[in-house]
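Trainee: I would like to learn how to read helix packing and sheets. Can we work through a case together?

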Amino acid sequence: MNISFILNGNKVKVEVSPEKPLLRVLREDLDVMSVKEGCGRGECGTCTVLLDEVPVTSCMVAAGQVRGREITTLEGLESSGAISDLQQAFKEAGAVQCGFCTPGFIISAYALLKENPDPSRDEIRVAVSGNICRCTGYTKIIDAIELAAKYNKGLNNEI
Amino acid sequence: MPVATPKKVKKDSNIRVDAQRKVSGKAKFIEDVEYKNILHGATIRSPVTHGRIRGFKNRDEIKNMPGVKAVITADEIPGDNIVPFVKEDYPCLAEKEVKFYGQAVALVAAETPEEAKAAAETAELIIDEYPGIYDSIESMTPDAVYVGGDDNVHSYFKIRKGNIDEGFKGADVIVERVYNSGHQVHCYLENQGMIAEPIQNGAISVKGSMQCPFYVHNALVKVLGFKYSKVRVVQADTGGGFGGKEDMPSIVAAHAALLANKTGMPVSLIYDREEDFHTMSKRHPSRTRIKYGATTEGKLVACEAEYIVNGGAFCTLSPIVAWRGIIHITGPYEIENIKADSYAMATNTVPCGAFRGFGQPQVNFANEILIDELAEKLNMDPVELRKKNLLKPGSKTATNQVVGSSCGMAETLDKTLDKIKFKEHKGNDKGPVKKGMGISTVFYGVGLGAEGKYFAKAGAQVHIKEDGTVFVAIGNVEMGQGAETVFNRICADTLGCSYDMVEILEPDTTRVPDSGPTVASRATLVGGNAVKDAALKVRDSLFKAAAQKMGVKPFDIKIKDGKYISDEGEIDYVDVVDLAYLSRERVAAQGWYKVENVSFDEKTGLGDAYPVYSYSTNACEVEVDTETGVVKVNRLVAAHDVGKTIHPPSAEGQIQGGAAQAIGYALYENLVLEEGKIVNPSLSGYTIPTTMDLCDVEPILVESAYDEGPFGAKGLGEPPMVGPAAAILNAIHDATGIWFRKIPCLPEDIVKELNKDINKEPKELK
Ligand code: FES
Ligand code: FES
């Protein structure tokens, strides 16, 4: 079946079964490799993308559900420069170890900062609680998101 | 859209070399590596925990299923049907007998992952089921079903030091307790995966997620029956390992390679989470009995200990785990009389193997609670009791090894107590939520030690290019812990060039000799020294070229701030490289390092077990809700003596990440087996900590340089996982007055014990 949607600002069309998980459509049919499969069951957050600006686990979204809607992945946010602060903050804060969870965290953090440019540590914890990291113990990830918020201050948050 | 304004960027020197590719989603994990015309593998597995294989009922039907290109059973393995680990007992594919649920019996390759999976699921094996044995203590009984090893013993070690009976005679107070711990699952976020590909001249190349490319290389030689030169193993970006990708990838790789060899096509074999849970290694469940004897003054005079771990169906790395356990079981204390035994038992459960800490978290959890129990009995402050007995330079470990000068034990203790304000914590909480504090101390033998001394070596190659940039080929892997960055720093600091000039190449077994595994916190010490050795050799060429130019002797030259300096002047690093190229000096060299002077006498259990030890102290504050049994760790401070720190952010990250795994181990992570089969094989069934469960771990780096280490460094990957569990349970005792002696310590365990206490009180009142 033909399904069209907006991927990172561009219209795309794929020929897939409407049940196929969005995660697999992105990776297999559209070569979007920043979305990772850690569990395939909505339990780890490594496959997080934005669906009409809201973070969702793409392994739990069926291709048919995104028809006509807007999907944003790390690739899209990176090329628009929207996450350069977050990326720099993740690097500086030492929030990256194996890196398998990193794209998912950056997406969740981006969505948080857009809603709430000055979150407390607890608000950050809640916002990324659906993303699992087995390497860092989270402290430096939370540091990174705080740092990115600092960078953002004074900047127009309209992206 | 506003253009991001440039901001004050901290000097990039603190940023890990692998960070950029990871924050941009461009790191290539094995599933991200693209191949044309690739087949997909799947594994046909045992549906029972123990049985005899009678046949494969529908093999032909499966072969004819859509997309299926190959089906392989044990009889088609060209080499030996063995994946070699410490022993050679683990078949690549089960032939006659299956010994655990999910053991691999046959393989399929098909055009799509769905077709491969469908074929594997359709397979019907004919198996006569045998009774199984699932518990290590049961496995020790004389009439137990035979599973493996010598009478179900995969491995046995002992230590006999001094005179244990005399020792206890001299004790005024004796405490003896038994402690139990469950399985722990690595839960690296990237599941196991490999791609095997036939390449030129009849060779096979395998790429994937792994900690030990050389183990994989050995396994492929064995299983395929190929010459070493016909195998190539390359590590892809690896999404966490923690020991789970030490030995297990050899199995995945061997399976992928068998399919590639048979079909002549690249084959990808990538596990899903459930398959990974059922079949890959775990931390050994344990039962630890320890008995301490002490004088009234608090001097430890004797320790008797017994450590029994459930090794699962095959031996894999159980001996190394059981050995590390016994070496450390008496705790970081100087004790004269010791008797200790350790057993790794065979059962019909998933084989257990390496997991951060290698058998040490289990024993540390036991001895560090017992030392607090002893303090209570002696009516002594647990810190005081520790201070009287802790190892210091010159003291002797359990194996009679003399502690060297690099020993920051006492300093880690003081700094931790200071930071958490241990003295000030006593409060009386009125409500149902009680607060408490606890500590634990740890010593940790760096590397594989005498039991793994054949692996205690590493190679590297340093190759300077025309513009001064450098390629470094290594044999130890980056898996998140920061090895690439450490090697980068060691090489750059040795040559005097900037960090961004040094490229660390992906580990490839054709580039460097066998460098042993990347485990046991050994990458910095062993791999780092190999990089340094290679860098020093090429630096000699640079010294020579610079000396010639300046008209001095090579040894008159020093490096400072990227310049080669002598009394006659100074030359920039890049220009020195230019000179070296002009005078055709050698610009590439192989480096090598091996660990000397480790020993272990199997009869007495004495010897210089490890080249060096690192030391740490953990302290935490917990909150126990006595109504629900829920425990929250409010603070955790961990001080680690790691020799010299090469890259502080990575070192801190190791401490925080390891402590997080330890908090999960102590309080949340509960793998449930029924009749040998895992019943909660998912990240929601087996819960690992999220941001909501953890506090910010506060790391402290204590430096006590180790002369043999590169720039004084020891090693840090594992120790952070070792100590926190005991500190947490000691804190729970402080809060509730109850000693818990099992991990994970779940809310239901706590509520049960607290209720017991309530029930008891009225009786005592009567
Ligand atoms: S892969 Fe989607 S949540 Fe884990
Ligand atoms: S960095 Fe490895 S899982 Fe987060």
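Mentor: Start with handedness: a crossing is left-handed if the near helix is turned anticlockwise from the far one by less than a right angle, and right-handed if clockwise. Helices (H or I, at least four residues) and strands (E, at least two) are DSSP runs, numbered from the N terminus. This is a predicted model: local features need pLDDT of at least 70, side-chain atom pairs count only at pLDDT 80 or more, and totals for chains, interfaces and linings use all residues. Residues are numbered from 1 along each chain as its sequence is written, chains are lettered from A and ligands numbered from 1 in the order in which they are written, and side-chain values use heavy atoms, leaving out hydrogens and water.

Trainee: In which sense does α10(B) pass α11(B)?

Mentor: The crossing of α10(B) with α11(B) is right-handed.

Trainee: What describes two packed helices?

Mentor: The angle between their axes and the distance between the axes. Axes are lines fitted to C-alpha atoms, for helices over the stretch in contact, and angles run from 0 to 180 degrees between N-to-C directions. In chain B, the axes of α10 (residues 360–378) and α11 (residues 382–389) come within 9 Å and cross at roughly 110 degrees. α10(B) and α11(B) are therefore roughly perpendicular. Angles under 35 degrees count as roughly parallel, over 145 as roughly antiparallel, 65 to 115 as roughly perpendicular and the rest as oblique.

Trainee: Which residues of α10(B) and α11(B) meet?

Mentor: Contact means heavy atoms within 4.5 Å. On α10(B), the list includes B:Ile371 and B:Leu374; on α11(B), it includes B:Leu385 and B:Arg386.

Trainee: At what angle do α3(A) and α4(A) pack?

Mentor: About 125 degrees, with the axes of α3 (residues 84–93) and α4 (residues 102–115) of chain A 10 Å apart. That makes α3(A) oblique to α4(A). Their crossing is right-handed.

Trainee: Now sheets. How do strands pair?

Mentor: Through backbone hydrogen bonds, either parallel or antiparallel. Two strands count as paired if DSSP finds at least two bridges between them. Chain B has an open sheet of seven strands with mixed pairing, in the order β3-β5-β1-β12-β9-β10-β11. β3 (68–73) and β11 (231–235) of chain B stand at the edges, each with a single partner strand, so one side of each lacks a neighbour in the sheet.

Trainee: How many bridges join β3(B) and β5(B)?

Mentor: Five, in the antiparallel sense. B:Ile72 has B:Leu107 in β5(B) as its bridge partner.

Trainee: Which strands does α6(B) lie across?

Mentor: Helix α6 (residues 213–224) of chain B lies across β10 (203–208) and β11 of that chain, running at about 150 degrees to β11(B).
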